[in-house]
Amino acid sequence: MLAAVIAVVALLREVLLPFVAGMVLAYLLDPVANRIERLGMNRLVATLVIIVVVSTAIVLLIALIVPVIISELAYFIESFPQYLRRLQSLTTDPARPWLSKLVGEGLSEAERSLGELTTLASSWVGTFLRSIWSGGRALLSIFSLAVVTPIVAAYLVYDWNRMIAAIDNWVPPARRDTVRALAREVDDTISGFVRGQSALCLVLAAYYALALWLIGLKHGLVIGFAAGLMSFIPYLGSLSGLVISTCVAIAQFWPDWTWILLVPAIFFVGQFMADYVLAPYLVGRRVHLSPVWVMFALFAFGYLFGFVGLLIAVPLAAAIGVLMRFALRQYYASPLYAAAAAPTAPLREMDASASASDSRHKQTHASEQTTRMG
């Protein structure tokens with residue numbers, strides 16, 4: 001059964017994206033709908049209000065952010081040859097021959113290849129236009145994300161409680177308490193991780209963007225904001241932002257090492273706050289999702305199922321972790337685990353018996369010695 005589900009997801013991953021995204025959105029919005037419904041509003045009206053508000057907020061956010069990102073990217077592309085020439089001049093300095101051997105030749109090749117970008121771009125555009133037809137299913141899935149996802153989310157939010165009740169009815173009555181307890185633990189883990197990690201990403205995005213902007217780093221707002229959002233995958237955002245911003249800082253501030261070293265200091269402070277201040281407070285120890293396990297799940301499911309895999313990676317990782325802990329608890333409480341430890345008891349009794357026998361033998365020997373001396 002599990003193999004069949006995995007095979008279906010792998011085959012249909014290009015068209016599943018809006019449906020999986022709608023399920024994720026419905027899972028996140030269901031608590032809001034329940035709260036509004038408890039205030040006296042009809043479930044259907046509450047669902048429509050929530051979907052309209054969330055869709056409008058997403059559209060406004062995209063409308064505000066995308067122009068800034070596009071302008072910053074255009075500025076970065078325009079300034080990229082200057083950065084390369086600046087770095088090349090630094091690496092060809094006779095006072096640093098070792099640096100020239102390491103990266104000088106690579107930078108020369110990179111700058112020389114920039115002149116070929118126009119020719120490559122013309123052929124790439126033709127290839128891209130031809131690939132639109134051959135990859136129509138993926139393109140359709142991407143465009144349907146904006147239309148199908150809100151509809152799927154609306155239907156699921158409206159019917160969420162009934163679906164949960166139907167699934168609960170499928171479980172045999174004798175196992176319902178156990179299954180409900182596991183489901184609550186999975187839900188607590190997922191909701192705690194999503195809320196905490198999302199808040200952590202927003203705090204890091206604001207911190208990185210503001211700090212890089214304050215030191216005057218070019219493209220600092222975009223680099224810092226992107227690094228913070230990418231921190232949903234632990235350490236990926238910080239490492240990516242550190243490498244990119246350090247390269248830009250070297251090209252911009254050299255030879256002033258004070259400003260250059262401020263960039264890695266910003267990211268080290270940010271990661272320290274994330275690990276020892278924000279994560280324990282926002283995510284908490286009750287989530288029981290190790291950063292290593294989250295990274296592995298995101299990379300593994302993303303490799304297998306694409307963007308759909310990224311959406312289901314954290315819920316599946318949380319569910320697998322809960323089931324593994326439940327299986328271990330059952331194993332420790334089972335006769336199998338007790339039987340594995342039982343053979344050690346006779347050995348301890350034999351050791352105690354041997355020790356008592358040796359003690360009696362020593363006492364007898366001491367008494368005989370005392371008698372002879374007397």
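Val186 lies in helix H7, where helices are DSSP runs of H or I with at least four residues, strands are runs of E with at least two, and both are numbered from the N terminus. The model described here is predicted, so local features need pLDDT of at least 70 and side-chain atom pairs count only at pLDDT 80 or more, while totals for chains, interfaces and linings use all residues. Residues are numbered from 1 along each chain as its sequence is written, and side-chain values use heavy atoms, with hydrogens and water left out.

With a relative accessible area of 17%, Val186 is buried (buried means under 20% relative accessible area, exposed over 50%, and partly exposed in between, with a 1.4 Å probe and protein chains only). Leaving aside residues up to four places away in sequence, Val186 touches Ala319 and Val322, contact meaning heavy atoms within 4.5 Å. The C-alpha atoms of Val186 and Pro315 are separated by 7.9 Å, although these residues are 129 residues apart along the chain.

The wider setting comes next. The protein has 14 helices and zero strands. Of its 374 residues, 28% are buried. Among the contacts with a separation of 6 or more, 71% are between residues 24 or more positions apart.

The axes of H7 and helix H12 (residues 307-332) come within 9 Å and cross at roughly 135°; axes are lines fitted to C-alpha atoms, for helices over the stretch in contact, and angles run from 0 to 180 degrees between N-to-C directions. That angle makes H7 oblique to H12, given that angles under 35 degrees count as roughly parallel, over 145 as roughly antiparallel, 65 to 115 as roughly perpendicular and the rest as oblique. The crossing of H7 and H12 is right-handed (a crossing is right-handed if the near helix is turned clockwise from the far one by less than a right angle, and left-handed if anticlockwise). On the H7 side the contact includes Thr178, Leu182, Glu185, Val186 and Phe193, and on the H12 side Val314, Pro315, Ala318, Arg325 and Arg329 are among the residues involved. By class, the contact of H7 with H12 has 11 nonpolar, two polar and three charged residues, where Ala, Val, Leu, Ile, Met, Phe, Trp, Tyr, Cys and Pro count as nonpolar, Asp, Glu, Lys and Arg as charged, and the others, Gly among them, as polar.

H12 also packs against helix H11 (residues 291-305), at an angle of about 140° and with the axes 7 Å apart. H11 and H12 are therefore oblique to each other, and H11 passes H12 in a right-handed crossing. Residues meeting here include Trp293, Leu298 and Phe301 in H11 and Phe307, Val308 and Ile320 in H12. The class make-up of this contact of H11 with H12 is 13 nonpolar, two polar and no charged residues. Val308, which lies in H12, is buried with a relative accessible area of 3%. Val308 and Val20 are 6.8 Å apart in space, C-alpha to C-alpha, yet 288 residues apart in sequence.

Back on H7, another neighbour is H10: the two axes come within 10 Å and cross at roughly 155°. H7 and H10 are therefore roughly antiparallel to each other, and H7 passes H10 in a right-handed crossing. Among the residues making the contact are Gly192, Leu200, Tyr207 and Tyr208 of H7 and Val263, Phe267, Met273 and Leu282 of H10. Those of the contact of H7 with H10 divide into 18 nonpolar, five polar and no charged.

Aromatic side chains complete the picture. Rings of Phe, Tyr and Trp (its six-membered ring) pair if their centres lie within 6.5 Å, with planes under 30 degrees apart counted as stacked, over 60 as edge-to-face and the rest as tilted. By this rule the count comes to five aromatic pairs. One of them, Tyr27 with Trp160, is tilted, at 6.3 Å centre to centre and 50° between the planes. Tyr27 lies in helix H2 (residues 13-38) and Trp160 in helix H6 (residues 136-170), so this pair ties together parts that are 133 residues apart in sequence. Tyr27 is partly exposed, with a relative accessible area of 22%, whereas Trp160 is buried, with a value of 17%. Tyr208 and Phe267 form a stacked pair, 4.6 Å centre to centre and 25° between the planes. This pair links distant parts of the chain, with Tyr208 in helix H7 (residues 176-214) and Phe267 in helix H10 (residues 257-283), 59 residues apart. Both Tyr208 and Phe267 are buried, and ring pairs link Tyr207, Tyr208 and Phe267 into a cluster.
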